[in-house]
Amino acid sequence: MYDTALYIGRFEPVHAGHMALLQRALASARQVIVVVGSAWQARSPKNPFTWQEREVMLREALHDAVPGADRARVQVLPMRDYYNEAVWVQAVIDGVTRLTGPDARIGLVGHFKDATSSYLSAFPGWQLIPMERQGRIDATAIRDAYFGATPATVQSALAPLADESRPSTLATLERFAHTPHYSALQE
């Protein structure tokens, strides 16, 4: 058991694979810190949601999936992109240390999806808590289906992905489709 389990992701949007990794983090430590990456990025098709919107999605998905006592053990740490891995790693370490203290025993939950997962090996002193890929979907496929729809067809466009998505996330996506941000991102 770790003092803190760390889970790093962009969560653009939250899906069932994210929740499986988050539940693994909850089972591995007394405290969980979710590092929400690409915080403060301008909206784009790859990063359509603010970090605050992603935190709400995470918390709503947690509400659907885990007891209240477990939800209370989760903290969110927004992290900007630095485009320099050493600087980014140090910023993550500094942010986590502010929340845990310097002597915390930390585990890092994750899986090696592709080359973008190399950061999982970049944290000295933090032990990797590996997991296999959870589910068949990733957020890219969700975004592709989502932005290929119209506000009126979002629900049907996402229906084939419903088993891999959280009901609360699907509801958030449906609401967001009726905002000016959605049409701007589609363009």
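Accessible areas here come from the Shrake-Rupley method with a 1.4 Å probe. On that basis, the chain in this predicted model exposes about 9,100 Å², and carbon and sulfur atoms supply 53% of that area. Of the 187 residues in the chain, 47% are buried.

The overall dimensions may be considered next. A compact globule of 187 residues would have a radius of gyration near 16 Å, and the chain agrees with this expectation because its own value is 16 Å. Along the principal axes, the C-alpha atoms fill a box of roughly 50 × 35 × 25 Å. Contacts between residues at least 6 apart in sequence join, in 71% of cases, residues at least 24 apart. As for charge, the chain carries 18 positive and 19 negative charges, whose mean positions are 3 Å apart.

The secondary structure consists of eight helices and five strands, and their order along the sequence is β-α-β-α-α-β-α-β-β-α-α-α-α. Strand β2 (residues 29-36) runs parallel to β3, and five bridges join the two. One of the paired positions is V32, whose bridge partner in β3 is V74. Strand β3 itself spans residues 74-78 and is mostly covered, with four of its five residues buried.

Helix α7 (residues 167-176) contains L173. The relative accessibility of L173 is 1%, and the residue therefore counts as buried. Leaving aside residues up to four places away in sequence, L173 touches P13, F49, I142, Y146, V154 and L158. P13 belongs to the loop between β1 (2-9) and α1 (16-28).

Most residues other than glycine have a negative phi, and most peptide bonds are trans. By contrast, the peptide bond joining E12 and P13 is cis, with omega about 0°. Two non-glycine residues with positive phi lie in loops and can be described in turn. S38, in the loop between β2 and α2 (51-65), has a phi near 55°. Its relative accessibility is 5%, so S38 counts as buried. Y83, in the loop between β3 and α4 (85-100), has a phi near 60°. Here the relative accessibility is 71%, and Y83 therefore counts as exposed.

Terms used
Residues numbered from 1 in each chain as written. Predicted model: local features only at pLDDT ≥ 70, side-chain atom pairs only at ≥ 80, totals over all residues. Heavy atoms only, no water. Rg over C-alpha atoms; globule rule 2.2 N^0.38 Å. Buried < 20%, exposed > 50% of the residue type's maximum accessible area, 1.4 Å probe, protein only. Contact = heavy atoms within 4.5 Å. Lys, Arg positive; Asp, Glu negative; His and termini not counted. Charge placed at Lys NZ, Arg CZ, Asp CG, Glu CD. Pairing = 2+ DSSP bridges.
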